[in-house]
Amino acid sequence: MISQSQKNSPVQEVKSVSYKDVPEMAEILGNDQEIRLKAARRLVERVDVEEALEILEHSPLPHTGEGHLAVHQVGFYAYQKYGVDSILKCKDYFLYACYHGAIIEAASNQGFDAISKMTDRCKSSPTRYFQCVHAAGHSILAIWNYDLPEALNSCDQIYENEKQFPEALSSCHNGAFMENLFGVHDWGKDKELVRDWLKDDDPYFPCNYFGEKYQRGCWLNQAARIYQMNNGDIAKTAQICQQIGNPKYTAWCMDNLARQIHPLTAGDILKVFDYCRSVGSTWYDNCIVVNAGAYYSVGGRDEAISICQMVPVHLKDKCYQTIIGQIAGDPIEKSSKQELCQKIEYPFKNLCLHNITWTN
């Protein structure tokens, strides 16, 4: 249960810390993964969780499997020091690695019941809660050594009766399906990778294996798999998504395809408009809006607003509704939300200010 004081308490924002004078950084950026993990652990033990995350996020540590596993060490330490409240110390850096580490450590210590207790700590913010549950899905699959049916069943047991946020179950499924695809937790291990739930000759597997309640979580990741199978061909991926035969599944698949475009833009919002043309005219508008939301979700708040400023008049309402919803649910101080609203053009600025008044 979240108290009223917890609901109203602002999130503490930690200022970025330069990595250049960090004594552990040479080993963290070195080539030896075992040394890297130990150095990351020493770093978090010295400066604590939030500062360690800021240092690593603003360092050259690659946002790949090796970087992700290094930041696991921050999550491991966070749980050992703060228990189930550790998840509130994490941020979504390095594919939610701190969340994953904390959840894995908790489950190892207390079993799957600890996962529910930990993610409940995130309920003061819907945005954070879904991030936490999504991270739980990743971690659960890793705990089950990539046995996807077992992981999905564990998601069901933990979140199927969630009443306050019914979409939590799908968010856990989503995390498990994403982990099945990208496998960030078994990167670099000296054993054959377990990938029983991927097929090189079926672009719709494993979605076409599982029942209806798993379809949303699966299709919201499947375009990434189709994109891989077609060597990054956006147009071909769009074509395969549109041939699924179920409009709802196609919409989820196309949503996921739009999210594949976001990293391709490398921070250049003009490229959003160029890449989105490849998905076809029917899905172009949706692609733009999804990318605006994707920019916001990874911290590009100003870029998200700029995209909405650039879209045609007929798309502004949909674009700003998306961003305003994210601003309202963002676990940042109300004054920061107000500053963001002031950057939005009229009349959507007023809607933004109204929404944050009612959500704080």
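Colleague: What should I know about the origin and numbering of the model?
Modeller: This is a predicted model, in which local features need pLDDT of at least 70 and side-chain atom pairs count only at pLDDT 80 or more, while totals for chains, interfaces and linings use all residues. Residues are numbered from 1 along each chain as its sequence is written, and side-chain values use heavy atoms, with hydrogens and water left out.

Colleague: How many helices and strands are there?
Modeller: The protein has 19 helices and zero strands. Both are DSSP runs numbered from the N terminus: helices are H or I with at least four residues, strands are E with at least two.

Colleague: What percentage of the residues is buried?
Modeller: Of the 360 residues, 50% count as buried. Buried means under 20% relative accessible area, exposed means over 50%, and partly exposed lies in between (1.4 Å probe, protein chains only).

Colleague: And which share of the contacts joins residues at least 24 apart?
Modeller: That share is 65%, among contacts between residues at least 6 apart in sequence. A contact means heavy atoms within 4.5 Å.

Colleague: Let us turn to α15. Which residues does the helix cover, and how far apart are its end C-alpha atoms?
Modeller: Helix α15 covers residues 281–297, and its end C-alpha atoms are 25 Å apart, in agreement with the 24 Å that its 17 residues should span at 1.5 Å a residue. The expected span is 1.5 Å times one less than the number of residues.

Colleague: Is α15 largely enclosed or largely open?
Modeller: Twelve of the 17 residues of α15 are buried, so the helix is largely enclosed by the rest of the structure. Among the buried residues are Trp283, Tyr284, Cys287 and Tyr296.

Colleague: What covers them?
Modeller: The cover of the buried residues of α15 includes α12 (234–242), α13 (247–264), α14 (270–276), α16 (301–310), α17 (313–329) and α18 (334–342). After α15 comes Gly299, with a positive phi near 100 degrees.

Colleague: Where is His262, and what does it touch?
Modeller: His262 lies in helix α13. Not counting residues up to four places away in sequence, His262 touches Asn291, Ala294, Tyr295 and Val298. Asn291, Ala294 and Tyr295 are among the buried residues of α15. His262 is itself buried, with a relative accessible area of 15%.

Colleague: What about Thr237, buried or exposed?
Modeller: Thr237, in helix α12, is buried, with a relative accessible area of 0%. Its contacts, leaving out residues up to four places away in sequence, are Ala223, Ile226, Tyr227, Asn230 and Leu257.

Colleague: Now α9. What do its buried residues pack against?
Modeller: They pack against α7 (113–120), α8 (126–143) and α10 (168–182). These buried residues include Leu148, Leu152, Cys155 and Tyr159. Helix α9 (residues 148–159) has twelve residues and reaches 16 Å from its first C-alpha to its last, close to the 16 Å expected.

Colleague: Which peptide bonds are cis?
Modeller: The bond from Phe205 to Pro206 is cis, with omega near 15 degrees; Pro206 is in the loop between α10 and α11 (215–229). Another cis bond joins Tyr346 and Pro347, with omega about 5 degrees, and Pro347 lies in the loop between α18 and α19 (348–359).

Colleague: Which residues other than glycine have a positive phi?
Modeller: Asp48 is one of them, with phi near 80 degrees, and Ala266 is another, with phi of about 50 degrees. Most residues other than glycine have a negative phi, and most peptide bonds are trans.

Colleague: Where do those two residues sit, and how accessible are they?
Modeller: Asp48 is in the loop between α3 (33–47) and α4 (49–57) and counts as partly exposed at 21% relative accessibility. Ala266 is in the loop between α13 and α14 and counts as exposed at 67%.
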